[in-house]
Amino acid sequence: EDDVVVLLGPDRRELGGSEYLKQCHDLISGDAPALDLDEEKRLHKVLLAAIRGGLVHSAHDCAEGGLAVALAEKAITSAGSLGATIDLGDADTALLFGESQTRVVVSLAQEHVAALQQLCHEHSIPMKEIGNVVNDRFDIAGFLSTDVETLRDRYENAIPDIVHSEAHVL
């Protein structure tokens with residue numbers, strides 16, 4: 001609790017080939033996200049140095065489902081009921097659900113933010129503070145506000161709920 005939530009990596013806002021397009025619009029279209037192997041290597045150097053240096057408490061990629069899903073997965077699997085309050089400013093669907101490569105969400109104590117900024121600067125990796133770890137809430141400003149237990153319940157019961165609703169249709 002009280003950790004800073006940081007997004008590492010570039011903001012490309014790519015929706016091509018995403019779970020969002022498939023699940024929400026039944027589309028499989030668009031270009032796959034761009035991959036810059038040199039940039040990916042630099043990000044991994046930052047992550048390894050931050051982990052080995054004891055700077056970060058958690059890290060999660062934004063691959064399948066994008067940033068919003070990565071944040072939700074962290075809350076769902078957290079010990080107890082840790083969630084987050086997130087403010088992305090100019091967020092849109094592509095920022096929230098795009099599956100751009102070379103993006104990782106990390107959490108760390110406020111006193112380690114400057115050291116992580118230095119690592120990112122040394123390796124030319126963008127870094128943006130996007131929120132804080134809090135107890136029992138999951139809020140993405142302007143998009144979603146719920147408690148962690150409700151989020152966890154929806155996740156854990158998604159398949160049984162679908163099966164149950166489909167059984168009534170038959």
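Two strands pair if DSSP finds at least two bridges between them. Helices (H or I, at least four residues) and strands (E, at least two) are DSSP runs, numbered from the N terminus. Keep both in mind for the sheet.

A word on the source. This is a predicted model: local features need pLDDT of at least 70, side-chain atom pairs count only at pLDDT 80 or more, and totals for chains, interfaces and linings use all residues. Residues are numbered from 1 along each chain as its sequence is written, and side-chain values use heavy atoms, with hydrogens and water left out.

Now the sheet. Seven strands make an open sheet with mixed pairing. Read across, the order is β2-β4-β1-β5-β3-β6-β7. Which strands stand at the edges? They are β2 (56–61) and β7 (144–147). Each has a single partner strand, so one side of each has no neighbour in the sheet. On average, neighbouring strands are turned by 25 degrees against each other, direction ignored. For angles in general, axes are lines fitted to C-alpha atoms, for helices over the stretch in contact, and angles run from 0 to 180 degrees between N-to-C directions.

Start at β2. Its partner β4 (residues 104–108) runs antiparallel to it, and five bridges join the two. Find Val-56: opposite it, in β4, stands Leu-108.

Next, β3. Five bridges tie β3 to β5, and these two run antiparallel. There, Leu-82 has Asn-135 in β5 as its bridge partner. Three bridges tie β3 to β6, and these run parallel. Ile-86 has Ile-140 in β6 as its bridge partner.

What packs on the sheet? Contact means heavy atoms within 4.5 Å. Helix α5 (residues 113–122) packs on the sheet and touches β1, β4 and β5. The direction of α5 makes about 150 degrees with that of β5.

Let's stay with α5. Which of its residues are buried? Buried means under 20% relative accessible area, exposed over 50%, partly exposed in between (1.4 Å probe, protein chains only). Val-113, Leu-116, Leu-119 and Cys-120 of α5 are buried. They cover an arc of only 120 degrees around the axis, so they lie on the same side of α5. The arc is that of the directions from the helix axis to the C-beta atoms. An α-helix has 3.6 residues a turn, so residues three or four places apart point the same way. On the other side of α5, Ala-114, His-121 and Glu-122 are exposed. The cover over the buried residues includes β1, α2 (37–52), β4 and β5. Just after α5, Ser-124 takes a positive phi of about 55 degrees.

On to cysteines. Cys-62 counts as buried, at 1% relative accessibility. Cys-120 counts as buried too, at 2%.

Last, the aromatics. A search of the whole structure finds one aromatic pair. Rings of Phe, Tyr and Trp (its six-membered ring) pair if their centres lie within 6.5 Å; planes under 30 degrees apart count as stacked, over 60 as edge-to-face and the rest as tilted. Tyr-20 and Phe-97 are stacked, 5.5 Å centre to centre, with 15 degrees between the planes. Tyr-20 is in helix α1 (residues 19–25) and Phe-97 in helix α4 (residues 93–97), 77 residues apart. Phe-97 counts as partly exposed, at 27% relative accessibility.
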